[in-house]
Amino acid sequence: MENYLPILQTTSLFEGVAPAELAGLLRQLGAVVRSYGRGESLVLAGEPTRRVGIVLSGSIEAYRPAPGGARVPITHMGPGGVFGDVLGGSSLASPVTVTAAVGCEVLLIPYERLLASDGSPARQRVLQNLVRTISDKYFLLSRRVDLLVLKTLRAKICAYLLTEAEQHAGLTFTIPFSRIQLADYLNCDRSALSRELSLMQKEGLLDIYRNSFKILELEELRKTVM
(Lines give C-alpha, C1' and ligand atoms only; values in the text may rest on other atoms or scores of the structure.)
Protein backbone atom coordinates (compact mmCIF):
# COMPACT_ATOMS: atom_id res chain seq x y z
CA MET A 1 0.00 0.00 0.00
CA GLU A 2 2.88 2.39 0.78
CA ASN A 3 3.90 2.36 -2.90
CA TYR A 4 0.61 4.04 -3.79
CA LEU A 5 0.78 6.86 -1.22
CA PRO A 6 2.22 9.46 -3.67
CA ILE A 7 -0.61 9.02 -6.17
CA LEU A 8 -3.26 8.83 -3.44
CA GLN A 9 -2.11 12.19 -2.10
CA THR A 10 -2.82 13.76 -5.50
CA THR A 11 -6.46 12.62 -5.48
CA SER A 12 -9.38 14.85 -4.57
CA LEU A 13 -10.29 12.48 -1.73
CA PHE A 14 -6.96 12.53 0.13
CA GLU A 15 -5.72 15.99 -0.77
CA GLY A 16 -4.00 17.62 2.20
CA VAL A 17 -3.51 14.39 4.19
CA ALA A 18 0.12 13.80 5.20
CA PRO A 19 1.78 10.49 4.13
CA ALA A 20 2.17 9.22 7.70
CA GLU A 21 -1.49 9.97 8.47
CA LEU A 22 -2.67 8.50 5.19
CA ALA A 23 -0.95 5.14 5.71
CA GLY A 24 -2.64 4.67 9.07
CA LEU A 25 -5.95 5.99 7.79
CA LEU A 26 -6.07 3.47 4.95
CA ARG A 27 -5.64 0.63 7.45
CA GLN A 28 -8.45 2.00 9.61
CA LEU A 29 -10.71 2.31 6.58
CA GLY A 30 -10.12 -1.29 5.50
CA ALA A 31 -8.86 -0.18 2.10
CA VAL A 32 -7.83 -2.96 -0.32
CA VAL A 33 -6.16 -3.01 -3.72
CA ARG A 34 -7.80 -5.02 -6.50
CA SER A 35 -6.70 -5.75 -10.07
CA TYR A 36 -9.07 -5.95 -13.05
CA GLY A 37 -8.48 -7.09 -16.62
CA ARG A 38 -9.71 -5.15 -19.62
CA GLY A 39 -13.49 -5.32 -19.89
CA GLU A 40 -14.04 -6.61 -16.35
CA SER A 41 -16.83 -4.92 -14.41
CA LEU A 42 -16.13 -2.99 -11.23
CA VAL A 43 -19.73 -1.80 -10.83
CA LEU A 44 -22.84 -3.18 -12.54
CA ALA A 45 -25.92 -1.14 -13.40
CA GLY A 46 -28.91 -2.38 -11.43
CA GLU A 47 -26.85 -3.55 -8.49
CA PRO A 48 -26.02 -1.65 -5.29
CA THR A 49 -22.50 -0.40 -4.69
CA ARG A 50 -21.17 0.50 -1.26
CA ARG A 51 -17.54 1.25 -2.03
CA VAL A 52 -15.53 4.26 -3.10
CA GLY A 53 -12.76 3.49 -5.57
CA ILE A 54 -9.59 5.23 -6.68
CA VAL A 55 -7.79 4.30 -9.90
CA LEU A 56 -4.15 3.51 -9.15
CA SER A 57 -3.04 2.38 -12.61
CA GLY A 58 -4.65 1.85 -16.00
CA SER A 59 -8.05 3.39 -16.66
CA ILE A 60 -11.77 2.79 -16.23
CA GLU A 61 -14.88 3.93 -18.05
CA ALA A 62 -18.43 4.40 -16.86
CA TYR A 63 -21.49 4.20 -19.08
CA ARG A 64 -25.24 4.01 -18.78
CA PRO A 65 -26.88 1.07 -20.56
CA ALA A 66 -29.49 2.18 -23.09
CA PRO A 67 -32.21 0.31 -25.00
CA GLY A 68 -31.00 -1.98 -27.77
CA GLY A 69 -27.66 -2.63 -26.12
CA ALA A 70 -26.36 0.91 -26.67
CA ARG A 71 -24.03 2.53 -24.17
CA VAL A 72 -24.17 6.18 -23.16
CA PRO A 73 -20.66 7.21 -22.00
CA ILE A 74 -20.55 8.98 -18.65
CA THR A 75 -16.87 9.38 -17.88
CA HIS A 76 -13.37 7.97 -18.37
CA MET A 77 -10.78 8.00 -15.56
CA GLY A 78 -7.08 7.35 -15.33
CA PRO A 79 -4.79 7.17 -12.28
CA GLY A 80 -6.07 9.33 -9.44
CA GLY A 81 -9.69 9.20 -10.59
CA VAL A 82 -12.28 8.76 -7.82
CA PHE A 83 -15.46 6.77 -8.51
CA GLY A 84 -18.35 5.47 -6.43
CA ASP A 85 -18.26 8.55 -4.21
CA VAL A 86 -21.70 9.64 -5.43
CA LEU A 87 -23.25 6.18 -5.82
CA GLY A 88 -21.88 4.65 -2.62
CA GLY A 89 -23.99 6.81 -0.35
CA SER A 90 -27.26 6.04 -2.12
CA SER A 91 -29.85 3.47 -1.09
CA LEU A 92 -30.65 2.94 -4.78
CA ALA A 93 -29.02 0.58 -7.26
CA SER A 94 -26.32 1.97 -9.51
CA PRO A 95 -27.63 3.44 -12.78
CA VAL A 96 -24.24 3.01 -14.45
CA THR A 97 -21.78 0.24 -15.19
CA VAL A 98 -18.06 0.80 -14.56
CA THR A 99 -15.57 -1.37 -16.43
CA ALA A 100 -11.80 -1.53 -16.86
CA ALA A 101 -10.91 0.23 -20.13
CA VAL A 102 -7.50 -1.46 -19.88
CA GLY A 103 -5.93 -3.62 -17.20
CA CYS A 104 -6.03 -1.58 -14.01
CA GLU A 105 -5.51 -1.53 -10.26
CA VAL A 106 -7.93 0.25 -7.97
CA LEU A 107 -8.12 1.02 -4.27
CA LEU A 108 -11.52 0.17 -2.77
CA ILE A 109 -12.85 1.61 0.50
CA PRO A 110 -16.12 0.65 2.25
CA TYR A 111 -18.34 3.72 2.13
CA GLU A 112 -19.67 3.36 5.67
CA ARG A 113 -16.13 3.36 7.10
CA LEU A 114 -15.32 6.47 5.14
CA LEU A 115 -18.22 8.29 6.80
CA ALA A 116 -17.43 7.10 10.35
CA SER A 117 -15.38 10.00 11.68
CA ASP A 118 -13.30 9.52 14.83
CA GLY A 119 -12.65 13.25 15.22
CA SER A 120 -9.07 13.08 13.98
CA PRO A 121 -7.84 15.87 11.66
CA ALA A 122 -7.13 13.34 8.89
CA ARG A 123 -10.67 11.90 9.01
CA GLN A 124 -12.19 15.38 9.09
CA ARG A 125 -10.13 16.41 6.05
CA VAL A 126 -11.22 13.32 4.09
CA LEU A 127 -14.89 13.98 4.87
CA GLN A 128 -14.51 17.58 3.69
CA ASN A 129 -12.78 16.35 0.54
CA LEU A 130 -15.57 13.82 -0.07
CA VAL A 131 -18.23 16.52 0.09
CA ARG A 132 -16.24 18.75 -2.26
CA THR A 133 -15.65 15.91 -4.73
CA ILE A 134 -19.37 15.09 -4.84
CA SER A 135 -20.22 18.78 -5.29
CA ASP A 136 -17.74 19.12 -8.15
CA LYS A 137 -19.32 16.14 -9.90
CA TYR A 138 -22.74 17.71 -9.51
CA PHE A 139 -21.56 20.78 -11.40
CA LEU A 140 -19.96 18.60 -14.09
CA LEU A 141 -23.31 16.84 -14.50
CA SER A 142 -25.00 20.22 -14.79
CA ARG A 143 -22.58 21.12 -17.57
CA ARG A 144 -23.47 17.89 -19.35
CA VAL A 145 -27.17 18.78 -19.21
CA ASP A 146 -26.41 22.28 -20.53
CA LEU A 147 -24.51 20.68 -23.42
CA LEU A 148 -27.27 18.25 -24.34
CA VAL A 149 -29.97 20.94 -24.52
CA LEU A 150 -28.04 23.02 -27.07
CA LYS A 151 -29.97 23.12 -30.34
CA THR A 152 -27.24 22.52 -32.92
CA LEU A 153 -24.60 19.84 -33.24
CA ARG A 154 -21.88 22.43 -33.73
CA ALA A 155 -22.84 24.15 -30.49
CA LYS A 156 -22.65 20.81 -28.67
CA ILE A 157 -19.20 20.12 -30.13
CA CYS A 158 -17.95 23.59 -29.24
CA ALA A 159 -19.29 23.38 -25.69
CA TYR A 160 -17.65 20.01 -25.16
CA LEU A 161 -14.28 21.09 -26.58
CA LEU A 162 -14.29 24.31 -24.55
CA THR A 163 -14.87 22.29 -21.38
CA GLU A 164 -12.02 19.93 -22.26
CA ALA A 165 -9.71 22.87 -22.97
CA GLU A 166 -10.58 24.33 -19.57
CA GLN A 167 -9.91 21.04 -17.79
CA HIS A 168 -6.58 20.56 -19.61
CA ALA A 169 -5.63 24.24 -19.10
CA GLY A 170 -4.66 24.54 -22.75
CA LEU A 171 -5.95 24.63 -26.30
CA THR A 172 -4.29 21.35 -27.30
CA PHE A 173 -5.60 18.19 -25.65
CA THR A 174 -6.63 14.58 -26.12
CA ILE A 175 -10.17 13.54 -25.28
CA PRO A 176 -10.92 10.17 -23.62
CA PHE A 177 -13.53 9.14 -26.23
CA SER A 178 -13.36 7.49 -29.62
CA ARG A 179 -15.48 9.04 -32.38
CA ILE A 180 -18.26 6.55 -31.69
CA GLN A 181 -18.15 7.24 -27.95
CA LEU A 182 -18.13 11.00 -28.54
CA ALA A 183 -21.23 10.70 -30.73
CA ASP A 184 -22.95 8.77 -27.94
CA TYR A 185 -21.82 11.34 -25.38
CA LEU A 186 -23.21 14.21 -27.47
CA ASN A 187 -26.34 12.21 -28.32
CA CYS A 188 -25.87 12.56 -32.07
CA ASP A 189 -25.29 10.49 -35.20
CA ARG A 190 -21.68 9.44 -35.69
CA SER A 191 -21.66 10.30 -39.41
CA ALA A 192 -23.11 13.74 -38.70
CA LEU A 193 -20.45 14.29 -36.03
CA SER A 194 -17.64 13.32 -38.41
CA ARG A 195 -19.01 15.65 -41.11
CA GLU A 196 -19.28 18.57 -38.71
CA LEU A 197 -15.78 18.07 -37.31
CA SER A 198 -14.37 17.83 -40.83
CA LEU A 199 -16.15 21.06 -41.77
CA MET A 200 -14.87 22.84 -38.67
CA GLN A 201 -11.35 21.76 -39.54
CA LYS A 202 -11.71 23.04 -43.12
CA GLU A 203 -12.95 26.36 -41.74
CA GLY A 204 -9.77 26.67 -39.69
CA LEU A 205 -11.47 26.42 -36.33
CA LEU A 206 -9.73 23.20 -35.24
CA ASP A 207 -6.83 20.90 -35.92
CA ILE A 208 -7.84 17.27 -35.41
CA TYR A 209 -5.83 14.06 -35.35
CA ARG A 210 -7.81 11.05 -34.18
CA ASN A 211 -8.96 11.97 -30.67
CA SER A 212 -6.50 14.85 -30.27
CA PHE A 213 -7.68 18.42 -30.82
CA LYS A 214 -6.16 21.87 -31.10
CA ILE A 215 -8.50 24.85 -30.90
CA LEU A 216 -7.35 27.46 -33.41
CA GLU A 217 -10.18 30.01 -33.07
CA LEU A 218 -11.18 30.10 -29.42
CA GLU A 219 -13.48 33.10 -29.69
CA GLU A 220 -15.38 31.60 -32.62
CA LEU A 221 -16.12 28.49 -30.57
CA ARG A 222 -17.30 30.64 -27.68
CA LYS A 223 -19.60 32.66 -29.96
CA THR A 224 -21.17 29.43 -31.25
CA VAL A 225 -22.17 28.35 -27.74
CA MET A 226 -23.61 31.74 -26.76
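**Figure 1. Overall view of the predicted protein model.** Of the contacts (heavy atoms within 4.5 Å) in the protein with a separation of 6 or more, 69% are between residues 24 or more positions apart. The model is predicted, with local features requiring pLDDT of at least 70 and side-chain atom pairs counted only at pLDDT 80 or more, whereas totals for chains, interfaces and linings use all residues. Residues are numbered from 1 along each chain as its sequence is written, and side-chain values use heavy atoms, with hydrogens and water left out. The secondary structure comprises eight helices and 11 strands; these are DSSP runs numbered from the N terminus, with helices (H or I) of at least four residues and strands (E) of at least two. The radius of gyration of the protein is 19 Å, close to the 17 Å from the globule rule for 226 residues, so the protein is as compact as a globular protein of that length. That radius is taken over C-alpha atoms, and the globule rule is 2.2 Å times the number of residues to the power 0.38. Along the principal axes, the C-alpha atoms fill a box of roughly 60 × 35 × 30 Å.

**Figure 2. Close-up of the largest nonpolar core.** A nonpolar core is a set of buried Ala, Val, Leu, Ile, Met, Phe, Trp, Tyr and Cys residues joined through side-chain atoms within 4.5 Å. Buried denotes under 20% relative accessible area, exposed over 50%, and partly exposed in between (1.4 Å probe, protein chains only). Among the 24 residues of this core, Y160, L161, L186, L206, F213 and L221 touch the most other members. Two or more residues each come from α5 (153–168), α6 (179–186), α7 (190–202), β10 (206–209) and β11 (212–215). The largest share, seven residues, is given by α5. Beyond its neighbours within four places in sequence, L221 contacts C158, L161, L162, L205, L206 and I215. Another core, of 23 residues, lies apart from it and includes F14, L29, V52 and L114.

Figure 3. T49 counts as buried, because its relative accessibility is 10%. Not counting residues up to four places away in sequence, T49 touches V43, L87, G88 and S94.

Figure 4. With a relative accessible area of 48%, D118 is partly exposed. Its contacts, leaving aside neighbours within four places in sequence, are with Q28 and R123. The C-alpha atoms of D118 and L197, which are 79 residues apart along the chain, are separated by 53 Å.
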